[in-house]
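Subject: A structure for you to look at

Hello,

I am passing on a structure that I have been going through, and I would be glad if you had a look at it. The model comes first, and my notes on what I found follow below.

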Amino acid sequence: MCFSDVLAFDTTYQSNAFNKPLVMFVGMNNHFQKCVFGFALLLNEKIESYKWVLETFLDCMHSRQPAVVVTDRDTAMKVPIILCFPDSTHRLCGWHLLTNATSNIKSPNFTKAFQKLLYNYYNVPQWYKRWVALLDKFELQDNVWVATTYEQRFHWAETLLKTHFFGGMSTTQRCELINSYIKRFLNCKIPLRDFIRHVDIAQRNIRESERHDDFISYYTEPAYPTDATLIGYLRQYGAACTRQVYHMVKLEVDLESRNNIVRREAEGTSKIFKLRKFNYQGSEYTVTHSMVDNHLECSCLQFESDGIPCRHIFVVMKNLDLQHIPPTLIKRRFTIRAKEGVSDFVVPPSYQDVPKVVHMSRFGTLNSLATHMNSLAEKLDSSYNIAKIK
């Protein structure tokens, strides 16, 4: 439940004897790694089938819609997503778009230029200007695929999606990785009963890997650099966030020295800083600092999109001599305590008469509570000994 804000789902074939589509529901946990919400074996890929599986998924998630849904360009998915997730942002998989660009336009130079419009961030007028220039350069004003893709630009262009949180998930690649992983446990000839058992084994292994990452982040410390100027910030992130997130933050801290403040302005209760990369006359970035709560925002919108503060924000924090990271710049879903308090595994109404589902729900609740108890008990010898005996 705590990582259901970003959802990717994809379909794979040739994994069972009946050649039926296997749908994977995948998210991203607090380690920036894949997490599996579930699998569904469908009869076909018709709109009715997708609508049923999305309604079932919503039922299991207690009607909590994801903030973002990432899929390929399958038209059968579009209508069910609008019906079942009306409040979610639908993003098309970047990898599939690039593949389609290559097969439809058949020009490596076009694909390379299109990739920049797909993944790079520009201001909005600049993006549209570049799109028009792209069409003029390759004379594609009347191309049907290009026209259709442009109509869907609000579902794939990084520039037009940047205000939404994606956590770095711009493709269904995590689904592809899981698809590749579970094929180690499957072959297309096994019967349905064994197929489901093997999928369950694969899913358990993935979740065991997540528990290993939890342990590393919770009970060990990163190897902090001894010569870092902003070591205080690194220690705060190292103590609060998971190991992978710490390394991503450290990369931004390491790159902050490459940027300079070129202008400062004041506007009410805010300070505005203009930054530019050292010895580079390219784009400027604007960082706004609120003197009320110390919150910082950057025009690159990296924190809003990925949940990781950008190098520009660290430049300003150093300039302001801030000793502590503003709480608004530490996203809870990426902390080591992201799962704490999420222990109420309520069984959906439609499954309350299914004993196995009830038992699994109880197990999930007890497991979460036990993890929280262990985190408290390990702090003192006395509580540790009591917990070990109990």
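This is a predicted model: local features need pLDDT of at least 70, side-chain atom pairs count only at pLDDT 80 or more; totals for chains, interfaces and linings use all residues.

S63 is not a glycine, yet its phi is positive, at about 65 degrees. Is S63 buried or exposed? Its relative accessible area is 59%, so S63 is exposed, the cut-off being over 50%.

Now to the sheet. Five strands make up an open sheet with mixed pairing, and their order is β3-β2-β1-β4-β5. The edges are formed by β3 (34–41) and β5 (89–92), each of which pairs on one side only. On average, and ignoring direction, neighbouring strands of this sheet are turned by 25 degrees against each other.

Going through the pairs, β1 (residues 6–12) and β2 (residues 22–28) are antiparallel and share five bridges. Within this pairing, T11 has V23 in β2 as its bridge partner. On to β3: β2 pairs with β3 in the antiparallel sense too, over seven bridges, and L22 stands opposite L41 in β3. These two strands, β2 and β3, form a hairpin with five residues between them, and F32 in the turn has a positive phi of about 60 degrees. Helix α9 (residues 192–219) lies across β2 and β3, and runs at about 170 degrees to β3.

T11 also turns up in another context. D72, in the loop between β4 (68–71) and α2 (75–84), is 61 residues from T11 in sequence, while their C-alpha atoms are 9.2 Å apart in space. D72 counts as buried because its relative accessibility is 14%, and the limit for buried is under 20%.

Next, a helix pair. How do α3 and α4 cross? The axes of α3 (residues 94–105) and α4 (residues 108–119) come within 10 Å, at a crossing angle of roughly 155 degrees. Angles over 145 degrees count as roughly antiparallel, so that is what α3 is to α4. The crossing of α3 past α4 is right-handed. On the α3 side the contact involves G94, W95, L97, L98, A101, T102 and I105, which meet F110, T111, F114, Q115, L118 and Y119 in α4. By type, the residues of this contact are nine nonpolar, four polar and no charged.

N279 sits in the loop between β7 (270–277) and β8 (285–290). Its phi is near 60 degrees, a positive value in a residue other than glycine. N279 is exposed, because its relative accessibility is 70%. V292 belongs to the loop between β8 and β9 (296–298), and with a relative accessible area of 65% V292 is exposed. From V292 to T269 the separation is 23 residues in sequence and 6.8 Å in space, C-alpha to C-alpha.

Best wishes

Definitions and conventions. Residues are numbered from 1 along each chain as its sequence is written. Side-chain values use heavy atoms; hydrogens and water are left out. Two strands pair if DSSP finds at least two bridges between them. Helices (H or I, at least four residues) and strands (E, at least two) are DSSP runs, numbered from the N terminus. Axes are lines fitted to C-alpha atoms, for helices over the stretch in contact, and angles run from 0 to 180 degrees between N-to-C directions. Contact means heavy atoms within 4.5 Å. Buried means under 20% relative accessible area, exposed over 50%, partly exposed in between (1.4 Å probe, protein chains only). Angles under 35 degrees count as roughly parallel, over 145 as roughly antiparallel, 65 to 115 as roughly perpendicular and the rest as oblique. A crossing is left-handed if the near helix is turned anticlockwise from the far one by less than a right angle, and right-handed if clockwise. Ala, Val, Leu, Ile, Met, Phe, Trp, Tyr, Cys and Pro count as nonpolar, Asp, Glu, Lys and Arg as charged, and the others, Gly among them, as polar.
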